[in-house]
Amino acid sequence: MAGPPRARDPQSVLFACAMNSVRSPMAASLLQHMFPQGLYVKSAGARKGELDPFAVSVMAELGQDISSHKPQTFEELEDWEGLNFDLIITLSPEAHHKALELTRTLAADVEYWPTQDPTTMEGSRDQKLAAYREVCDQLLMRIRRRFAKVGAASG
């Protein structure tokens with residue numbers, strides 16, 4: 001059985017992870033870059049973190065600047081503009097739990113994309129960057145698969 005039709009072509013997407021410092025801002029930038037006009041994209045975290053310089057570096061390699069991203073929590077996003085999203089994609093267990101809690105009162109679909117946290121990677125700068133690139137590549141693949149049919153005229 002397929003999911004409800006309304007999220008098949010979402011107009012607004014929220015990516016969420018633990019601290020809104022690596023995975024969700026990367027994913028939001030990737031999707032926004034793919035559909036500059038077609039979609040409203042934001043990101044949030046279950047808790048508030050600091051923007052990760054490795055995430056900024058890896059995104060810059062793709063020509064995407066997330067250096068001005070300000071990590072925010074679900075609550076802050078809700079206070080500033082409401083949580084009016086068709087689709088919330090969670091990238092960590094903590095964010096998924098929080099999104100499910102919030103969507104009891106919201107008409108948003110929630111999808112869970114388990115995504116490893118590259119900040120836990122030990123090693124040299126190159127090894128750490130490689131872990132971030134891998135997460136970025138995985139996110140890009142998932143996004144391409146999930147949103148391939150959205151705005152099919154673009155490309």
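Helices (H or I, at least four residues) and strands (E, at least two) are DSSP runs, numbered from the N terminus. The views below use these element names.

This is a predicted model, in which local features need pLDDT of at least 70, side-chain atom pairs count only at pLDDT 80 or more, and totals for chains, interfaces and linings use all residues. Residues are numbered from 1 along each chain as its sequence is written, and side-chain values use heavy atoms, with hydrogens and water left out.

**View 1. Asp52 in the loop between β2 and α2.**
Asp52 sits in the loop between β2 and α2. Its relative accessible area is 11%, so Asp52 is buried (buried means under 20% relative accessible area, exposed over 50%, partly exposed in between; 1.4 Å probe, protein chains only). Leaving aside neighbours within four places in sequence, Asp52 is in contact with Ser21, Val22, Thr119 and Tyr132 (contact means heavy atoms within 4.5 Å). Asp52 and Thr119 are 67 residues apart in sequence. Their C-alpha atoms are 8.6 Å apart in space.

**View 2. Thr119 in the loop between β4 and α5.**
Thr119 belongs to the loop between β4 and α5. It is partly exposed, with a relative accessible area of 39%. Not counting residues up to four places away in sequence, Thr119 touches Val22, Asp52 and Tyr132. The side chains of Thr119 and Asp117 are joined by a polar contact of 2.6 Å. A polar contact is a pair of N or O atoms within 3.5 Å; within protein, one must be able to donate a hydrogen and the other to accept it, and residues adjacent in sequence count only if both atoms are side-chain atoms. Val13 is 106 residues from Thr119 along the chain, and the C-alpha atoms of the two are separated by 24 Å.

**View 3. Ser43 and Asn20.**
Ser43 is part of strand β2. Asn20 lies in the loop between β1 (12-17) and α1 (23-34). Ser43 counts as buried at 5% relative accessibility. Asn20 is buried too, with a relative accessible area of 0%. The two side chains make a polar contact of 2.8 Å. Asn20 is not a glycine, yet its phi is positive, at about 55 degrees. Not counting residues up to four places away in sequence, Ser43 touches Leu14, Phe15, Asn20, Ser24, Pro25, Ala28, His69 and Gln72.

Side chains of opposite charge can pair when their charged atoms come close. The whole structure holds 6 salt bridges (a side-chain nitrogen of Lys or Arg within 4 Å of a carboxyl oxygen of Asp or Glu). One of them joins the side chains of Lys48 and Glu76, at 2.9 Å from N to O. Lys48 is in the loop between β2 (40-45) and α2 (53-61) and Glu76 is in helix α3, so the pair ties together parts 28 residues apart in sequence. Lys48 is partly exposed, with a relative accessible area of 46%.

**View 4. The salt bridge of Arg133 and Glu61.**
The closest N and O atoms of Arg133 and Glu61 are 2.7 Å apart, in a salt bridge. Arg133 lies in helix α5 (residues 125-147) and Glu61 in helix α2, so the pair ties together parts that are 72 residues apart in sequence. Arg133 counts as partly exposed at 32% relative accessibility. Glu61 also counts as partly exposed, at 45%.

**View 5. The salt bridge of Glu111 and Arg146.**
Glu111 and Arg146 form a salt bridge, with their closest N and O atoms 2.8 Å apart. Glu111 is in strand β4 (residues 109-112) and Arg146 in helix α5. The pair links distant parts of the chain, 35 residues apart. Glu111 has a relative accessible area of 22% and is partly exposed.

**View 6. Helix α3 against helix α4.**
The axes of α3 (residues 74-81) and α4 (residues 93-102) come within 11 Å and cross at roughly 40 degrees. Axes are lines fitted to C-alpha atoms, for helices over the stretch in contact, and angles run from 0 to 180 degrees between N-to-C directions. Phe74, Glu75 and Glu78 in α3 meet Ala95, Lys98, Ala99 and Leu102 in α4.
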